[in-house]
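Please look through the structure shown here before reading on.

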Amino acid sequence: MRKLLTLSLLALTSATPAFAAGGGLTMANTNFVVSLGFLLFIGILLYVKVPGLLGGQLDARAEGIQKELDEARALREEAQTILASYERKQQEVQTQADRIVASAREDAAAAAEEAKAELEQSIARRLAAAQEQIASAEASAVKEVRDQAISIAVAAADQVIAKQMTATEANKLIDAAISDVNDKLH
């Protein structure tokens, strides 16, 4: 500030066109009056310490801006910390979701294998039951055929014997059968 005041005084005292015209340092010279008013204004500003006040206000403003910058920097760091935390949590949740999906797939595969095994067992049981039914039906059919064959053979034998047998031979056979039954009963 002092440099400005010194420069102003030098500018006033240097040779100007007004001094060349012979105006000099009189109150009639407007340049002189304006320069004198300017110097008086500068002097009052220096006396009241306006530059110091302006500097203090500028310093206070700079400190406020610095505090705001520091606060913004702290908020940014906090936001980055929170973002990193959420990213970690998202990664953990994604990992957990992947594990759940893998577990569900394994469970589904195991359930499918179990269902397949149960189906195979059911088919085997039904096949065995069908084979038993077939064997039973076959045995029944064989028995029925034998029974019919026996009854046909007995009927045929009866007819053959009836044609060839006489009454005396029949009486002998009846007596022999009665004695066999009697012997077996006693």
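Some questions and answers about the model follow.

This is a predicted model in which local features need pLDDT of at least 70 and side-chain atom pairs count only at pLDDT 80 or more, while totals for chains, interfaces and linings use all residues. Residues are numbered from 1 along each chain as its sequence is written, and side-chain values use heavy atoms, with hydrogens and water left out.

Reader: How many helices and strands does the protein have?
Author: Helices (H or I, at least four residues) and strands (E, at least two) are DSSP runs, numbered from the N terminus. From that end, the elements run α-α-α-α-α. The count is 5 helices and 0 strands.

Reader: What share of the residues is buried?
Author: Buried means under 20% relative accessible area, exposed over 50%, and partly exposed in between (1.4 Å probe, protein chains only). The protein has 186 residues, and the buried share of them is 4%.

Reader: Which side chains meet in a salt bridge?
Author: Side chains of opposite charge can pair when their charged atoms come close. A salt bridge is a side-chain nitrogen of Lys or Arg within 4 Å of a carboxyl oxygen of Asp or Glu, and this rule gives 1. The two partners lie 3 residues apart in helix 4, so about one helical turn separates them. With 3.1 Å from N to O, they are Asp70 and Arg73.

Reader: Which residues does Met165 touch?
Author: Met165 lies in the loop between helix 4 (50-164) and helix 5 (167-185). Its relative accessible area is 24%, so Met165 is partly exposed. Counting heavy atoms within 4.5 Å as contact, and leaving out residues up to four places away in sequence, Met165 touches Ala170 and Leu173.
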